[in-house]
Amino acid sequence: MIKNLLEYLYDDIDLKRDKTAFSDENESLTFADLYDISRRIGTELARASFYREPVAIYMDRRPAMIAAFLGVLAGGCFYVPLDSTAPAGRVKAVIETAALRVMICGRDNLKKAEELDFKGRVLVYEDLIDESCPVDDAALARIFDAQIDTDPAYIVFTSGSTGTPKGVVACHRSVIDYIEHLSEILEVDESTVFGNQSPFYFDACLKEIYPTLKFGASAWIVPREYFMFTVKLVEFLNEHKINTICWVGSALRMVSALGTFKTVRPQYLRTVAFGSEVFPPKELRAWKEATPEGTKYINLYGPTEGTGMCCFYRVDREFEDGEAIPIGRPFPNSEILLLSDDGREVADGETGEIYVRGTCVTLGYFNNPEKTGESFVQNPLNNAYPEILYKTGDLARRNERGELVFVSRKDYQIKHMGHRIELGEIESVAGGISGVEIVACVYDSNADKIIMVYKGEAEESAVGDHLKETLPRYMLPGRIVKVVRMPFTPGGKIDRKGLAETYTK
Amino acid sequence: MEEYLDTIKQIIADLHPELDDEDREGLVADGILDSYDIITIITQLADEFDAVITADKITPENFDSARAIAELVDEILND
C-alpha cells in the first residue's frame with residue numbers, strides 16, 4: 001500500500017525512465033525528467049527551509065508545471081496552483097487566503113507576477129531545475145519517511161459566495177483512493193494516451209496526471225485554443241493517437257454541435273468520460289456515431305471537496321432528448337447519502353441532498369474553519385463517534401433502476417463553461433463598484449449565459465470594464481442590464497425568480 | 001462584403017469593449033477571443049445574416065480580424 005503520491009512516479013521508475021510522460025506542442029518530459037526535476041525542486045525547498053506548507057505555482061499550463069507539483073511534494077510541502085490567466089486581483093485573494101510564503105514562478109511569468117505584490121520568496125522554475133545543483137538524497141529520504149498519507153498534497157481554489165475564494169485541501173490518501181478507483185473505471189493501462197482539457201489550477205487535472213504516473217502511460221496537453229477550432233482539435237487527437245479523454249460536457253458538446261464530425265472523426269478513442277455539467281443525449285448520440293465501435297462513454301460526477309469525482313455511470317443504453325443521463329453510483333470505497341433537510345434518508349424516488357462519505361472527503365477549506373464547519377459535517381445518521389461527511393449542496397434522486405440522477409443545486413451556485421461559480425461572488429464584486437447600489441445575477445441555462453441586473457448610477461460599460469479587471473473570464477456576465485427599480489419578493493428579498501423569467505426569454 | 005463589416009465590428013466591440021482598434025488583426029493569434037466569443041460570433045452571424053458556418057470553416061485564420069470574418073460570411077453566402 002502506498003502512502004505518498006510520489007510513489008506513483010518512483011515505483012518501477014527503471015521500467016518507464018525513457019518513456020515520454022507529458023507533452024504539449026512545445027515541450028515533453030519523460031519519467032526520468034520528472035524524477036530528476038522533482039528531486040531538484042524538493043532539494044531546493046528543503047535547503048531554503050520551506051517544509052509542510054503551501055507552495056504556490058505560478059506557471060502556464062504545460063508539462064513543466066506538473067514537474068513543479070511533484071517537486072513540491074518531494075519537498076514535503078503541498079502545491080497551490082495559481083491561474084496564470086486570471087486577473088491579478090483574484091490571484092492576490094488566493095495568495096492572501098493561503099498565507100503563502102513561497103512561490104515557484106516560470107521565467108515567462110515573472111513580469112506578470114510583479115503585479116501580484118507578492119511579499120514572499122519567488123523561486124524561478126528554470127533556476128531550480130539547473131543541473132549544476134546537486135540533489136540531496138539524504139534530505140529527501142528523511143522528508144519522505146516523515147510523511148504520512150493524511151498530509152496535504154494540494155490546495156485548489158473554488159469560487160466562494162462571499163467574494164473570497166475557498167481553498168479545498170486534499171491529502172495524499174484521498175487522492176490515492178481516487179486514482180486507484182478512477183483508473184479501474186477508465187480502464188487505464190500503459191497503452192493509455194490521455195488528451196488533457198482541464199486547466200491545472202483545478203482538481204480536474206488529477207485524472208490525467210496521476211494515472212499517467214502510476215501506469216507509465218502518457219498524456220498530451222491539448223492547447224486551449226483548439227477547443228474553439230474543433231476540426232483542429234479532432235485532428236490533434238488523431239495525430240497523437242489519443243485514446244482516452246475526460247472533458248467537461250461543454251467541450252464535447254461544442255465539437256459535436258458545430259458539425260465537426262462531417263469533416264473529421266476521432267479514430268483512436270476508446271474511453272470518453274464527461275462530467276461536471278449536463279451533456280445532452282443528442283450530443284452523446286452524435287459522439288457515439290462518430291467514434292470507433294466499442295468506445296466507452298462514462299458520466300462522472302463529484303465535487304472538488306470529494307477529491308475529483310466520486311460517482312460514475314457507464315452509458316449502457318440509449319437516452320431520449322430531454323432525459324437526464326444518470327450520475328450512476330458511487331466509486332468503490334465511497335458512499336452517497338441522499339438526505340432531507342432534517343437529516344433523514346429520503347425514500348426511493350424522492351429528492352435529497354447529496355452527502356459524500358469516504359476517504360475521498362477532503363480535509364476542509366484552508367484557513368477557513370467557519371466555512372469548513374458549514375459543509376464538512378458530522379454524519380447525521382451516526383451519533384456514536386466522529387464521522388465527517390461532505391454536504392454538497394447538490395440535489396439528486398434515485399431512479400427506478402436505483403441509479404443516482406442529478407436534479408439541481410440548492411443555492412446560487414452554477415456550472416458555466418466547465419467552472420463552478422457562486423453567483424454570489426460575482427454579485428459581491430459588482431456590489432463593490434461605485435455607482436452600483438443593488439445587484440443580482442441569474443443564470444440562463446439554455447443560453448449558458450450569466451445575466452447581471454443592477455440598479456445604480458454607474459454605466460453598464462463601466463461596470464463591465466470593472467468586472468473584467470477583477471474576475472476571471474468565465475465568471476463575466478454575458479449580459480449586463482441596468483434597471484431603474486429592482487424587483488423584490490414580499491419577504492423583502494431580491495426576486496431572482498422574477499428576474500430569471502424576465503431576462504432568460 | 002463591406003455590408004457585413006460594420007455589424008461584425010459591432011459584435012466584436014460588444015464582446016471586447018477594451019479593444020480600441022476595430023480593424024485589429026491577431027484576435028485569435030494574440031489570444032483575445034476565447035471559445036465563448038467564437039460561439040457568440042457564430043450564433044450572431046447566423047441570426048444577422050443567415051450565415052451558417054460549418055466546422056471546417058471555423059479556423060484561426062477565418063476569425064483573426066473583423067475583415068477575415070466578413071470575408072468568410074461573404075464566401076458562405078455567395079457560394
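Residues are numbered from 1 along each chain as its sequence is written, and chains are lettered from A and ligands numbered from 1 in the order in which they are written. In this predicted model, local features need pLDDT of at least 70 and side-chain atom pairs count only at pLDDT 80 or more, while totals for chains, interfaces and linings use all residues.

**Exercise 1.** Find how many residues of domain 1 of chain A are in contact with domain 3 of chain A.

*Solution.* Start with the bounds, which come from an automatic or database domain assignment: domain 1 of chain A spans 1-147 and domain 3 spans 413-503. Next, call two residues in contact if their C-beta atoms, placed from the backbone, lie within 7 Å. Five residues of domain 1 of chain A then touch four of domain 3 of chain A.

**Exercise 2.** Work out how helices α3 and α4 of chain A are oriented to each other.

*Solution.* Helices are DSSP runs (H or I, at least four residues), numbered from the N terminus. Take α3 (residues 31-47) and α4 (residues 63-74) of chain A: their axes lie 7 Å apart, at an angle of about 50°. Those axes are lines fitted to C-alpha atoms over the stretch in contact, with angles from 0 to 180 degrees between N-to-C directions. Angles under 35 degrees count as roughly parallel, over 145 as roughly antiparallel, 65 to 115 as roughly perpendicular and the rest as oblique. So α3(A) and α4(A) are oblique to each other.

**Exercise 3.** Say how many residues each chain brings to the contact of chains A and B.

*Solution.* Count each side in turn: chain B gives 13 residues and chain A gives 18.

Conventions. Helix = DSSP H or I, 4+ residues; strand = E, 2+ residues; numbered from the N terminus.
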